Amino acid sequence: MAGQQFQYDDSGNTFFYFLTSFVGLIVIPATYYLWPRDQNAEQLRLKSLRRVHGRCLWYRLRLMKSQQSIVPTLKKAALLFGWAVFLLLAYKVSKLDREYQEYNPYEVLHLEAGASVAEIKKQYRVLSLKHHPDKGGDEAMFMKLAKAYSALTNEEARDNWEKYGNPDGPRVTSFGIALPAWIVDQKNSMLVLLVYGLAFMVILPVVVGTWWYRSIRYSGDQILINTTQLFMHFMYKTPTMNMKRLVMVLTAAFEFDPRSNKEAIIRPTDNIEVPQLIRELGNINVKKKEPPFCYPYSLKARVLLLTHLARMDVSENVEEDQRFVVKKCPALLQEMINVGCQLTMMATSRGGLRAPRLTSIENCMKLSQMVLQGLQEAKSPLLQLPHFEEEHLRYCISKKYKVRTLQDLVSLKDSDRRNMLRFLGEEKYDEVIAVLGSFPCINMETKLQVLDDEDSNKVTAGSIVTVTVTLTRKRMSEMFEKEDAPIPTEETNAEEVQGDAKNKTKVWQNKNKGAKKAAKSKKKKLTKKKPVTQQQAKGDKAKHPNGNVAGNDDAAASKVEEDDLSDKGSESDEAEGNKDSPSERDEESDKQSDTEVDEIAGDDEEEWEALQQSIQRRERALLETKSKVTHPVYSLYFPEEKQEWWWLYIADRKEQTLVSMPNHVCTLKDTEEVELKFPAPSKTGNYQYSVILRSDSFMGLDQIKPLKLEVHEAKAMMDNHPQWDIPETEEEEDDQEDSDGIEESEEDEEDND
């Protein structure tokens with residue numbers, strides 16, 4: 001067996017192959033992921049949004065950043081340098097001599113494969129005279145010629161060449177290590193050892209440890225775990241949290257503390273500028289000594305957030321810190337909502353714990369809207385539009401127009417709208433209409449079911465109820481043409497619910513009263529016309545040998561029905577005598593039973609299809625990852641581009657509790673279907689819930705839809721199912737068959753013997 005030999009690459013050729021492959025594995029993926037996207041596409045996108053979002057703060061900052069940023073240029077330069085190194089190494093490798101080539105004696109003698117012996121001798125003679133060392137030729141070339149001639153003329157050498165690829169027989173297998181020899185040279189041993197120890201014993205542990213220490217401080221939503229614990233403490237401590245208290249808890253987050261977050265900055269000028277802003281704001285609970293509300297970072301963040309909501313002008317340094325605080329607020333509020341949901345679930349499952357009230361969670365949602373729009377809670381939603389100021393609202397809330405919401409403004413006729421907004425010029429008016437037309441208008445449809453149950457439309461105590469909500473997004477501009485159509489709002493929905501409930505109760509009461517009066521009058525007439533005597537009852541008993549009283553009642557009832565038909569002018573007694581024969585009645589009853597069976601089968605098929613569709617929808621939801629890029633939010637004072645998202649949940653507004661956990665709908669671009677699940681109450685009765693849709697970005701676009709739930713008693717569990725009941729006769733027959741079989745087998749054995 002051939003030997004093996006390991007050696008370092010003294011020439012360094014193998015190392016270039018390794019280096020080229022290593023650089024290629026880095027440069028090619030880095031180019032795919034890090035190469036700056038087409039700047040023209042971003043410019044075109046911003047240009048298309050300019051008409052609507054041109055005045056937004058985030059739009060102006062994005063436009064300035066795209067024009068002034070040098071990061072794309074640096075990325076391109078670094079990637080081009082990497083490609084230059086890669087191409088240089090590839091060119092170096094292509095120029096290297098191949099050390100391991102297949103030996104071919106015909107190529108050495110410049111002959112074609114399969115040449116005759118005479119041609120080989122003739123060619124060898126010519127080349128040997130040319131390259132002979134005594135005649136000034138190349139000695140190495142002469143040795144190659146002799147070896148090739150021997151391989152083609154000597155039988156043993158030819159066999160070795162054909163078997164092993166070498167006339168001399170099998171060679172030693174050599175493995176080259178793709179490292180240059182100077183790395184293992186004794187002179188450089190200390191330097192190599194130092195670099196190795198520095199890289200793998202110092203740099204690598206420090207990098208991994210730093211990454212691990214930073215990652216364990218954050219939750220999955222990149223919120224500090226200390227902040228989550230802070231929110232949980234105060235939401236449990238204060239179940240009913242008003243807006244002022246909520247702002248204090250929000251700004252106490254550790255994201256604003258320079259000791260926990262290096263992005264947060266405490267400036268020397270804060271001691272001068274922050275007290276001035278406090279005097280302008282008024283009462284913001286500065287003297288509160290409860291930690292961490294009294295800490296400087298918390299007080300500064302609270303002041304900056306309140307100045308943002310009041311739309312106050314601040315200096316450049318304060319404005320930079322204000323943008324940092326405002327950017328963090330939506331994610332922190334979402335974390336606060338998640339904490340409230342966790343506490344609610346814990347209180348529901350364990351009991352004895354105080355769950356946050358519904359108002360606390362809804363205040364978090366309202367505060368998110370306020371932060372995005374830079375408005376205080378009591379301000380009009382019309383101030384979200386451009387060119388609207390406080391003094392302009394008096395034109396809107398006048399007795400003539402009474403416009404208080406965005407929906408009221410959309411529902412106006414164009415002439416009335418233009419007359420009301422006469423304080424705006426033509427350009428400003430067109431901009432207001434364009435912005436108003438870009439606002440969302442959501443159509444919400446609900447469907448209540450109990451999946452995986454025999455009767456999906458019947459809610460039983462303790463069952464899992466699934467409410468499928470279909471959300472369809474349209475623009476307000478589509479409602480300008482349909483001015484008579486009502487636009488869904490929270491207030492109109494609530495009024496419609498109350499009005500419908502009143503109307504329904506009145507109609508229901510009137511119907512019942514009329515029905516009761518009619519029933520009483522009919523009973524009186526029937527009793528006066530044909531009273532039932534004891535003799536008739538005895539005669540009926542005599543006719544029926546079994547003497548069933550129920551038969552008498554049925555007969556009396558049939559007589560009463562006949563009298564009713566006669567009073568109403570129905571068929572006469574003669575027509576009664578011409579009724580169908582018993583065979584025809586049987587056929588009709590069979591047809592009716594067949595149709596009922598078909599209807600039941602059709603209902604079962606519909607339920608089965610609905611169940612399959614829901615399963616397929618869940619599978620698609622698990623497999624598909626929809627983009628969270630929906631529609632950019634119009635926000636005049638928010639410093640970062642925000643996508644339009646929604647909260648959808650079911651609540652009991654009377655008890656101020658959550659029924660289903662809020663679902664953060666982040667993929668509503670055109671149409672979205674969301675399933676909300678919750679356990680039905682354990683007691684039977686009628687329950688009034690509300691399906692609530694709230695925006696996390698716009699004020700005044702929330703919707704509330706009623707959800708009536710009628711809970712029935714759950715079916716009793718069957719201890720012994722019929723399919724497991726085996727009659728005793730069958731067991732006896734089986735035993736007899738077994739015994740007969742055993743006897744027959746014994747008789748057969750005796751016969752065989």
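How far apart do the end C-alpha atoms of residues 190-213 lie, and what share of the span is helix and what share strand? They lie 33 Å apart, with 100% helix and 0% strand.

This is a predicted model, in which local features need pLDDT of at least 70, side-chain atom pairs count only at pLDDT 80 or more, and totals for chains, interfaces and linings use all residues. Residues are numbered from 1 along each chain as its sequence is written, and side-chain values use heavy atoms, with hydrogens and water left out.

View 1. The unreviewed UniProt entry annotates residues 15-35, 70-91 and 190-213 as "transmembrane region". Positions follow the numbering used here, feature names are shortened, and such annotations may be inferred rather than shown by experiment. For residues 70-91, the end C-alpha atoms are 32 Å apart, and the span is 95% helix and 0% strand. Helices (H or I, at least four residues) and strands (E, at least two) are DSSP runs, numbered from the N terminus.

**View 2. Helix 11 against helix 14.** Helix 11 (residues 243-251) packs on helix 14 (residues 316-350) at about 110°, with the axes 11 Å apart. That angle makes helix 11 roughly perpendicular to helix 14. Axes are lines fitted to C-alpha atoms, for helices over the stretch in contact, and angles run from 0 to 180 degrees between N-to-C directions. Angles under 35 degrees count as roughly parallel, over 145 as roughly antiparallel, 65 to 115 as roughly perpendicular and the rest as oblique. Leu246, Val249 and Leu250 of helix 11 meet Cys329, Leu332, Leu333 and Met336 of helix 14; contact means heavy atoms within 4.5 Å. By class, this contact has seven nonpolar, no polar and no charged residues. Ala, Val, Leu, Ile, Met, Phe, Trp, Tyr, Cys and Pro count as nonpolar, Asp, Glu, Lys and Arg as charged, and the others, Gly among them, as polar.

**View 3. The largest cavity.** On a 1 Å grid over the protein atoms alone, a cavity is a set of points where a 1.4 Å probe fits but cannot get out; a pocket is an open set with protein on both sides within 12 Å along at least five of seven lines; lining residues have an atom within 4 Å of a point. Grid points are joined across faces, edges and corners, and a volume is the space filled by probe spheres set on the points. The largest cavity holds about 100 Å³. Its lining includes Phe256, Tyr297, Lys300, Asp321 and Phe324. Helix 13 (296-309) and helix 14 each give two or more lining residues. Helix 13 gives the most, with four. The lining has nine nonpolar, no polar and two charged residues.

**View 4. The largest pocket.** The largest pocket holds about 950 Å³. Of its 36 lining residues, Asp221, Gln222, Ile223, Lys328 and Ala331 are the closest to the centre. Helix 14 gives the most to the lining, with eight residues. By class, the lining has 13 nonpolar, eight polar and 15 charged residues.

**View 5. Two backbone features in loops.** Glutamine 222 has a positive phi, near 60°, and sits in the loop between helix 9 and helix 10 (225-237). The peptide bond from proline 291 to proline 292 is cis, with omega near 0°. Proline 292 lies in the loop between helix 12 (270-281) and helix 13.
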